[in-house]
Amino acid sequence: MYVHLNHICVCFIILYFLYYGIVTAVTLFWVLAVKRPPMITTQPESVTVFSVEDLVMTCEAIGNPLPMLVSKHTRPHKHIKSEDAILVMEEPSHQLSFQTTENSDLTQYQGKYVCYASNELGTAVSNEAILNTDGKNKLMKEKKVSLKAEEGNSMVLKCNPPQSSMEPIIHWMDWRLHHILLSERVVVGKDGNLYFAYLTTEDSRDDYTCNVQYLATRTILAKEPITLTVNPSNSVLRNRRPHMMRPTESHSTYHALRGQTIELECIVQGLPTPKVSWLRKDGELFESRTTKEMFNRRLRFSNISESDGGEYQCIAENSQGKATHTYFVTVEASPYWTIEPVSQLYAPGETVKLDCQADGIPSPTISWTINGIPLSATDKDPRRSLMPSGSLILEDVNFGDTAIYQCQASNKHGTILTNANVYVIELPPQILTEDGNQYTVAEGQKASLECETFGSPKPKLVSASYVSLLSPPDRTVILSPPQALKVQPGNTAIFTCQSLVDSKLSSPSIQWKKNGQNLSESHKYVIEFEDQALKQRGWEELKKVGGNKKRASLTLWPYMSYRFRVIAINDVDKSDPSKPSEIHNTPAEAPDNNPEDVRSESTDPDTLVITWEDMDKRNFNGPNFKYRVLWRRVVGSGPNWHTNYTTAPPFTVNDIGNFSAFEIKVQAVNEEGDGPEPDPVIGYSGEDFPLEAPMDVGVVLMNSTTIRVTWAAVDKETVRGHLLGYKIYLTRTGSRGHHRGRRAKESESTVVVETGANEEKKVISDLRPYSHYTLAVTVFNSKGEGPPSEPLSFKTEEGVPGPPTSLMLDSPSETEMTLHWTPPGQPNGVLIGYLLQYHPMQVETIDDPTVTHLTLKGLDRHSHYRFYLRGRTHAGDGEPIKREGATMLDGAPPANITTSVGENSVNFSWVAKKRHRNVSFQIFYLNKNGTISTLISTEKVNSSQSFYQLQGLTPGSHYRLRFSYRVTEVQPSFATQGWFIGVVSAIVLLLLILLILCFIKRSKGGKYSVKDKEEGPMDSEARPMKDETFGEYSDLEEKRTASQPSLGEESKLCSEDNLDFNGSSAITTELNMDESLASQFSRPSEGPDGLRGIPDNSPLNPNTISPATNGMPNSVTILD
């Protein structure tokens, strides 16, 4: 090890006093004779060494007389006071060295080193330098690592670099030394590991190699390759919310030192790949203070400061949710100077104050040493005092106080030290300013006369005398300022400015300004040219020169006709071009370059096509320009070249043979001579189809969907072109579950997989399980493919089935659900049954593969269900088909029917109930103002329609409407049962008997009181539907008598109204086509008013509607 302690002589002596600002040419002779305290000019620096040859430290100092340099070693973990001097400078080399051997133990030299520079005026002390030792990194023997995972899972490939005091640089590469492609999904962590947010099948490879680079030792260590196999998922990839991979906790604390570079890191997994963003929770995150790296996974602080301390959060988000991690960043600081003591010359009797202040986190403590010895270890002197601020005061100094004082600031993060020279000396005063200086100052300006002095104590300037004082010049004045002008656009405006300048002064500098901005002179000139042979190109820039130039030297093309012009440019604009020059012709010369990008583009067999980039005509350099084309075979043609000439590319050579290598070159020539000798390039004649097929083709079944195809490389001579790779033709001929006749009808599908030129195996995935395949391999070049190999047949194993083709839901009742499905389109084996899963965690296993429906009972009428149905083979459960649904509720007639009357139509609207069975109804209407008594009915209207328009009505007429409804869908769960059929039959028979009785009663008639007939108003519901009575409800109707009602009045079932609708539910309403909506609903009343508003059981007041139950009719008559 060498510790260089060099002495810089006279030149540094001068610099030393320049440091104090006291050296001029006049006093240099005197300065050289003054003694100077030592000053360290080069501080030793901390190093890490790896061998004996690296043991080097440097310390340099100046002083007069030359200082003695000593390096002292502090053993590890001990304070500097317990140092042992082990390095001493030897004259005359002024160099310190360790006497070591090649087998020396480096660890004995570890520790802290301090350099001392001493002469008779004091001792200067350097900062501490730490010497660390480290062995050269070596890789331990490792086992090969093979990892397997399922597609969609996250993964971490560990690097585990060797332990070292140096921070390594990590590169993940493949065996070709190509970097692994990084992205938001695949990132490298600060720990060197490779992180996958989720895996895809393309991530499978056997050459993930972690390369560890150490810059200090210039070494790269390649670790053992890692094999990663990603198995395809048997089900649909499930999205996952983000989850922190590094760090794993929800929060962490990061301690940093001021000035350091730190990186906060968040690596996440999830599907799809989460996006990562950063924010500062306790303030604003300034982009100027931070940078984001590794696809936003790292937040980097360069030269961190105390203001950067705070709370930072990384947020990872995808469609499934988000994850966060919070960093609490604490920034502390090693000591740093805010005020340093100043070296100075002092005279005896002066008071010296050495100010020394430092800052840091935590706050540092200030201590002083004299010539490297702590104050506490020196004799107490009442003239010395230490202030609370850290300043050291020396009163009434004398020559014995000349020394070097060290101020030292320390906290837990380190120690800093600075030297201050106190040189007590008496020097006579001297004036350093030269005599005879002259100063020129304009009238009214301040005059500053310099007088620089030197001495100890510092001289005081008590008086000044002027040897000569010239009369001051008159100030420069503007006699005639520019005047405002008004000019038309395109005209010239001329501003004038006249000034008066004293003859004692130099010529004035005139400057114009526009709106406060300088209007400078021309900054540069642009020289343009026009090619007379290519005038269509216009004027082109040739050269730019500075504004102070009046001429320029131009480089021109030979054999060209030029015209030139010049344009001046300044900060504001550019001038109009000058008048063009006369035509200038340059003489012809031989070409000075050759065409570029010479290559072969042969496509047809037995031809060689040579082409290149055509040269610009300006590079022809002379008349009769052409290209000389040269070619010869690389092997077997000897040194002779074949030559031909052409004026433009390409050039074709025929009858040359299939795919042979040639040296080709193209040279530019004209009448004046040849261009430079070109370098040959390799080209090939046209390719032909390959002659042979790959041999030894084999197939290895890896699982039910993946195979590995192998083959032997073909002889490259038979390729007859550039070998681009191989093509694998994979044809599926049918399923193993079908007999030959059925399989013959199945359409065949072929997949072509291409490989690289150097590959002899290929893993192919996504095959159909339980299938018959044939395989053939071809080789191909740029021309095409060769013959295929012998077809190879193989069968894939049974796999899990695909999802069922369809799944439909049917609800027979409010607590039942029937599932109907069709088998999987891709059974991928022998189907052995089905697996049904549904909420809440219910599982139904169906062992019969022929079953295509299932009824679930006892379901909750208020719940929604999600069903997952999977097919099953001996290989396992397949992918599910998913459906959501709920049971159907019993139907009900529409409620809250709203009417809107138009000129000849009525709009009916209502809110359809979700999940309710459909109820169909009809609207019967009769014009009360008309002569036709027949009821008119509409088509059937479904309650799910929510809207119906009744058209064809007569404007100004009063209509009576009746809504008749019936539940159209009956429950299949019991409608087909025997007991239900018997009950319905009995009801029908009973109704038939009742109808017969009704007709008998009608035929006999009833006994009516004539008075009742005349005085009593007839009930509208019992009144026969005839022209003279139907719909005649008005204020003129008479009140009914109190006599006994007739049979028709007693039995609603036997009324004509109800017979018309066969016992179905009905709602009756009346409306007038020319009345407002408020008056369109009426019914008979006991009072003479006749209009009592909307009845309680109206569709507009649904609280009293009795819905149909279980598909049975509900007789409700409501008169609106």
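Buried means under 20% relative accessible area, exposed means over 50%, and partly exposed lies in between (1.4 Å probe, protein chains only). This is a predicted model, in which local features need pLDDT of at least 70 and side-chain atom pairs count only at pLDDT 80 or more, while totals for chains, interfaces and linings use all residues. Residues are numbered from 1 along each chain as its sequence is written, and side-chain values use heavy atoms, with hydrogens and water left out.

**Exercise 1. Locate the partners of the salt bridge between glutamate 540 and arginine 618.**

Step 1. The closest N and O atoms of glutamate 540 and arginine 618 are 2.4 Å apart.

Step 2. Glutamate 540 belongs to strand S44 (residues 540-546), whereas arginine 618 sits in the loop between S48 and strand S49 (626-633), so that the pair, 78 residues apart, links distant parts of the chain; strands are DSSP runs (E, at least two residues) numbered from the N terminus.

Step 3. Arginine 618 has 6% relative accessibility and therefore counts as buried.

**Exercise 2. Describe the open sheet that contains S48, and the pairing of S47 within it.**

Step 1. The sheet has three strands in the order S47-S48-S51, with antiparallel pairing, where two strands pair if DSSP finds at least two bridges between them.

Step 2. Strand S47 (599-600) and strand S51 (651-654) are the edge strands, since each of them pairs on one side only.

Step 3. Two bridges join S47 to strand S48 (residues 607-611), and serine 600 has isoleucine 610 as its bridge partner in S48.

**Exercise 3. Decide where the coordinates call for caution, using pLDDT, the predictor's confidence in each residue from 0 to 100.**

Step 1. The chain averages a pLDDT of 78, and 77% of the residues score at least 70.

Step 2. Over residues 1-32 the pLDDT is below 50, although this stretch has 84 contacts (heavy atoms within 4.5 Å) beyond near neighbours in sequence; residues 739-744 also have pLDDT below 50, with five such contacts.

Step 3. Where pLDDT is low, the predicted coordinates should not be read in detail.

Notes. Helix = DSSP H or I, 4+ residues; strand = E, 2+ residues; numbered from the N terminus. Salt bridge = Lys/Arg side-chain N within 4 Å of Asp/Glu carboxyl O.
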